[in-house]
Amino acid sequence: MGRRVLVVDIHESVAQAVARLLGGSGWGPFSFATGPSEAVAALERDGPAVVVIDVELDDGDGLDLVHQVRSVRTPPEVVVFTGSGSPEVAVACVRAGARGFVPKDAPPQDLLAAVAAVADGGGWVPPPILGEVMAVSYT
């Protein structure tokens, strides 16, 4: 039996692809949301272990959603999976409460690694930007 995952993305095809990728590695069942209000309802209803969030949402601020998810009584871990791979965006996501950050143009194995790492209590940022993220974090 896997661990429940909530995927928040405005593009259903991306959310389904994330579920297929993670499901092939034993994750699931899955819940889906396209924005903050749906995500909060799914969070309360389903109690996921991990939430994968695209912070680029149409009907709300994804960084606020990350913070909101991490503020619940028993918070799930958060991996941000987004179109912007900049170190500044990664730092903003980590500061909001995400423990993992994966740009959408990264190899699929990066998302698998990030979800596994955060579920085990660790963190994950792509090695190519890790140094930059650390530098920005300390400025």
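Which elements do the buried residues of α1 pack against? The buried residues of α1 pack against β1, β2, β3, β4 and α5.

## Basis of the model

This is a predicted model, in which local features need pLDDT of at least 70 and side-chain atom pairs count only at pLDDT 80 or more, while totals for chains, interfaces and linings use all residues. Residues are numbered from 1 along each chain as its sequence is written, and side-chain values use heavy atoms, with hydrogens and water left out.

## The sheet

Five strands form an open sheet with parallel pairing, in the order β2-β1-β3-β4-β5. At the edges are β2 (30-33) and β5 (100-103), each of which pairs on one side only. From one strand to the next, the twist averages 20°. Helices (H or I, at least four residues) and strands (E, at least two) are DSSP runs, numbered from the N terminus. Two strands pair if DSSP finds at least two bridges between them. Strands of a sheet pair through backbone hydrogen bonds, either parallel or antiparallel.

Strand β1 (residues 5-8) pairs with strand β3 (residues 50-53) in the parallel sense, over four bridges. In β3, Val51 is the bridge partner of Leu6. Two helices pack on the sheet. Helix α3 (residues 62-70) touches β1, β3 and β4, and its direction makes about 165° with that of β4. Helix α5 (residues 108-119) touches β3, β4 and β5, and its direction makes about 160° with that of β4. Axes are lines fitted to C-alpha atoms, for helices over the stretch in contact, and angles run from 0 to 180 degrees between N-to-C directions.

## Helix α1

Helix α1 (residues 12-23) has 12 residues and reaches 16 Å from its first C-alpha to its last, close to the 16 Å expected at 1.5 Å a residue. The expected span is 1.5 Å times one less than the number of residues.

Ala15, Val18, Ala19 and Leu22 are buried in α1. These residues are on the same side of α1 because they cover an arc of only 100° around the axis, the arc being that of the directions from the helix axis to the C-beta atoms. The face turned away from the buried side of α1 carries the exposed residues Ser13 and Arg20. Buried means under 20% relative accessible area, exposed over 50%, and partly exposed in between (1.4 Å probe, protein chains only).

## Two residues in strands

Leu6 is in strand β1 and is buried, with a relative accessible area of 1%. Leu6 and Phe32 are 26 residues apart in sequence and 5.7 Å apart in space, C-alpha to C-alpha. Not counting residues up to four places away in sequence, Leu6 touches residues including Ser31, Ala39, Leu43 and Val51. Contact means heavy atoms within 4.5 Å.

Thr82 lies in strand β4 (residues 77-82) and is buried, with a relative accessible area of 0%. Leaving aside neighbours within four places in sequence, Thr82 is in contact with Asp54, Val55, Glu56, Phe101, Val102, Pro103 and Lys104.

## Nonpolar cores

A nonpolar core is a set of buried Ala, Val, Leu, Ile, Met, Phe, Trp, Tyr and Cys residues joined through side-chain atoms within 4.5 Å. The largest has 24 residues, and those with the most contacts inside it are Val8, Ile53, Val66 and Val80. Its largest share, four residues, comes from α4. Apart from this core lies another, of 18 residues, among them Ala15, Val52, Ala114 and Val118.
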